[in-house]
Amino acid sequence: PGKTEILVSNIDVIHEKRSYGNAPPMAAPIRVLVLLVSLTDPAANITRLPACTASTVVSNFWDAPVNIDGMYRFASRNLSSLPKPLGLVVGPYLVPAVRSGVTTFLCDPFAWAQAAQDAAIAAGVPLMTFDIWHHVMPPGSATDCGWGGLGEIAGPNSWVVDCSKSTSAHEMGHNIGFSHASA
């Protein structure tokens, strides 16, 4: 199978590429699904809530005076956008996590994504109609994983652990094929 590059902070990590097809074209409306994810360990009675509420995500992506859709429109000279009618915010979905310590979970973003996507499909969300599956994780995930955001290059999955518009826009840039700039 092919490989895809996943950028973690400034460290390049290679993961097996799943069969996704091509990245969404930059010169087109991008259909984004935002999945709010809660990590839970029922045995220890620990649940971490997502970094943002659905209303904050909607504001960040579409409604705020400075929003992610506007960032994409500006950066692409109106060739690309994240139109609100094509976007959807769902969850939060409870995702099981394995603890590696008293307060930390094993870092497994692909397993977390799969569990959240399975829950969304079970709830009737048409996952395959979206170009990007953007996961808003609990803030403590950064401690567990060592990153604040993660995005597959030319793949559908991205993850953030905060409500920063710039982090979400950056990670979704990887989803549409952009790597980090180099001098």
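Student: In which strand is the place of Leu33?

Tutor: Leu33 sits in strand β3, residues 32-41. Helices (H or I, at least four residues) and strands (E, at least two) are DSSP runs, numbered from the N terminus. The model is predicted: local features need pLDDT of at least 70, side-chain atom pairs count only at pLDDT 80 or more, and totals for chains, interfaces and linings use all residues. Residues are numbered from 1 along each chain as its sequence is written, and side-chain values use heavy atoms, without hydrogens and water.

Student: Why is Leu33 called buried?

Tutor: Its relative accessible area is 0%, and buried means under 20%, exposed over 50%, partly exposed in between (1.4 Å probe, protein chains only). Leu33 is therefore buried. Of the 183 residues of the chain, 46% count as buried.

Student: Leaving aside neighbours within four places in sequence, which residues is Leu33 in contact with?

Tutor: With contact meaning heavy atoms within 4.5 Å, the partners of Leu33 are Leu88, Val90, Val125, Leu127, Phe130, Ile132, Trp133 and His134. Val125 is 92 residues from Leu33 in sequence, and the C-alpha to C-alpha distance between the two is 9.3 Å.

Student: What makes Arg77 exposed?

Tutor: The relative accessible area of Arg77 is 76%, so Arg77 is exposed. Arg77 belongs to the loop between α2 and β5.

Student: What is the phi of Arg77?

Tutor: Phi of Arg77 is near 55°, which is positive in a residue other than glycine. Most residues other than glycine have a negative phi, and most peptide bonds are trans. Ala154 also has a positive phi, near 60°, and is located in the loop between β7 (149-152) and β8 (157-160).

Student: How do you know whether the peptide bond from Gly91 to Pro92 is cis or trans?

Tutor: Omega is near 10°, and the bond from Gly91 to Pro92 is cis. Pro92 is part of strand β5, residues 88-96.

Student: Why are α2 and α5 called oblique to each other?

Tutor: The axes of helix α2 (residues 68-75) and helix α5 (residues 165-175) cross at roughly 55° and come within 10 Å. Angles under 35 degrees count as roughly parallel, over 145 as roughly antiparallel, 65 to 115 as roughly perpendicular and the rest as oblique. The pair α2 and α5 is therefore oblique.

Student: Which residues of α2 and α5 make the contact?

Tutor: Ile68, Met71 and Tyr72 of α2 meet Lys165, Ser166, Ser168, Ala169, Met172 and Gly173 of α5.

Methods:
Axes are lines fitted to C-alpha atoms, for helices over the stretch in contact, and angles run from 0 to 180 degrees between N-to-C directions.
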